[in-house]
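Colleague: I am new to this structure. Please take me through its salt bridges, with a close look at one pair and its surroundings.

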Amino acid sequence: MLNRLAVAAAALAAVLSLSAPANAETLVVTAARMVDVERGRYIDNPVVVVTDGRIVSVGTTLPANLPADAERLDLGGLTLLPGLIDMHVHLANTPYVSGFNILSYADDFETVLQVPNARANLDAGFTTVRNLGGPDFADVALMQAIDAGFVVGPRVVPAGVSFGATGGHCDYTGMPRSLAQANDYNADSVDEARHSVREVRKYGARVIKICATGGVFSRNTEPGQQQMTLAEMTAVADEAHMWGLKVAAHAHGASGIRDAILAGIDTIEHASLIDAEGIRLAVQHGTWLSMDIYNTDFTQATGTEFGVTEDNLRKDREIGQLQRDNFRAAHDAGARMVFGTDAAIYPHGQNAKQFAVMVEYGMTPAEAIRAATWNAGQALGQENNVGAIAVGRYGDLIAVAGDPLADVRALETVAVVVKGGEVVKDAR
């Protein structure tokens with residue numbers, strides 16, 4: 001046993017040595033202008049200094065005390081923004097293998113997909129993503145591999161395992177009894193709900209994801225059906241908050257949304273059928289709404305080709321436009337909103353296509369950008385780390401051509417990506 005511990009300790013020391021530079025490393029970034037995401041305005045000729053992964057200076061002139069060996073990154077006429085944040089992705093999934101087609105692949109196929117999908121998100125300018133479902137704890141492993149420098153990808157906030165009611169959207173509902181599967185973390189009582197939070201956190205989850213209602217991409221559930229009780233969701237929220245974790249609730253239906261808000265859930269995912277009362281409660285409680293209003297276009301255009309069942313396509317058709325109309329209503333009412341795409345329902349790396357739809361349904365470009373930066377950082381509880389170009393936060397930056405405050409589609413083509421002061425993409 002002692003020999004095994006010694007080997008493990010040596011391996012850990014080797015990993016840490018890969019990610020801990022002996023000397024401070026400084027990157028100085030200059031550009032034509034920078035988006036102040038909090039205020040929705042430009043700052044001309046910014047100078048951003050990043051040392052050992054954190055921003056140490058933001059101004060319009062070079063600091064006098066720059067190290068002689070500081071690396072320079074002059075972005076010329078490009079526009080600088082903070083790294084983008086997608087609050088709802090599924091890194092282990094792809095839209096090109098849907099429905100029962102997944103049964104043609106080995107058990108670990110989806111786990112392997114995380115690596116290229118993570119890189120696609122990063123190259124698209126999303127330096128932080130919140131992963132809300134996939135193979136059990138595979139996203140925790142991916143987070144660890146990225147953080148240790150073995151894999152290139154964004155900062156991953158993993159849910160580990162999503163859970164809900166037996167037979168609900170977070171359970172395995174696609175097989176007959178003879179091939180029965182079940183989610184080990186199904187929570188069918190208040191006590192089970194608390195236990196599932198504790199166990200999922202124990203194995204590495206950094207956010208808790210529950211399914212409060214039925215869903216589009218599951219069998220034998222309808223999006224409007226409530227599938228967890230108010231008491232169960234309150235237990236989840238109370239337990240998670242005690243441990244310092246946020247909770248995301250998949251909730252399409254109006255009653256499930258209302259109870260999730262009353263339970264103290266932090267973010268409502270999809271919120272497709274939210275009604276006037278739900279919007280009022282979201283505003284009153286300061287609950288964040290994460291509404292994936294682009295992906296239905298991709299699903300309806302390609303779903304049959306890639307294996308989406310007709311029943312799932314039917315559900316998507318029924319709620320797609322309603323969700324967009326309710327997005328407008330929630331925004332008009334002043335609800336707090338974040339950027340979440342459900343990436344994997346459409347291809348990873350195309351996340352930014354949602355910005356234009358958010359603008360089409362009521363947001364200004366500045367508000368849409370803020371949803372994926374300032375707002376998302378707050379909703380994650382990581383406002384001191386991500387979401388803005390500010391002293392103390394990670395040196396996560398992107399650069400685009402054009403004027404994103406006038407045409408948000410500029411974010412669909414990201415020229416340069418910097419993560420933690422390291423240039424991970426330069427496609428100029």
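Modeller: Start with D297. D297 is partly exposed, at 37% relative accessible area. Its side chain meets that of R324 in a salt bridge, 3.1 Å from N to O. D297 sits in helix 8 (residues 296-306) and R324 in helix 9 (residues 310-332), so this pair ties together parts 27 residues apart in sequence. R324 has 8% relative accessibility, so R324 counts as buried. Keep in mind that this is a predicted model.

Now compare another pair. R130 forms a salt bridge with E269, and the closest N and O atoms are 2.8 Å apart. This pair links distant parts of the chain. R130 belongs to strand 9 (residues 126-131), while E269 belongs to strand 14 (residues 267-270). They are 139 residues apart. R130 is buried, because its relative accessibility is 2%, under the 20% cut-off. E269 is buried too, with a relative accessible area of 0%.

Next, look at R39 and E38. Their side chains meet in a salt bridge of 3.3 Å, N to O. E38 counts as partly exposed, at 35% relative accessibility. Salt bridges with shared partners join D36, E38, R39 and R41 into one network. In total, the model has 18 salt bridges.

Last, the wider setting. UniProt lists residues 79-424 as "domain: Amidohydrolase-related", in an unreviewed entry. Over residues 79-424, the chain is 37% helix and 16% strand. The end C-alpha atoms of that stretch lie 17 Å apart.

Conventions. Residues are numbered from 1 along each chain as its sequence is written. This is a predicted model: local features need pLDDT of at least 70, side-chain atom pairs count only at pLDDT 80 or more; totals for chains, interfaces and linings use all residues. Side-chain values use heavy atoms; hydrogens and water are left out. UniProt positions are given in the numbering used here, feature names are shortened, and annotations may be inferred rather than shown by experiment. Helices (H or I, at least four residues) and strands (E, at least two) are DSSP runs, numbered from the N terminus. A salt bridge is a side-chain nitrogen of Lys or Arg within 4 Å of a carboxyl oxygen of Asp or Glu. Buried means under 20% relative accessible area, exposed over 50%, partly exposed in between (1.4 Å probe, protein chains only).
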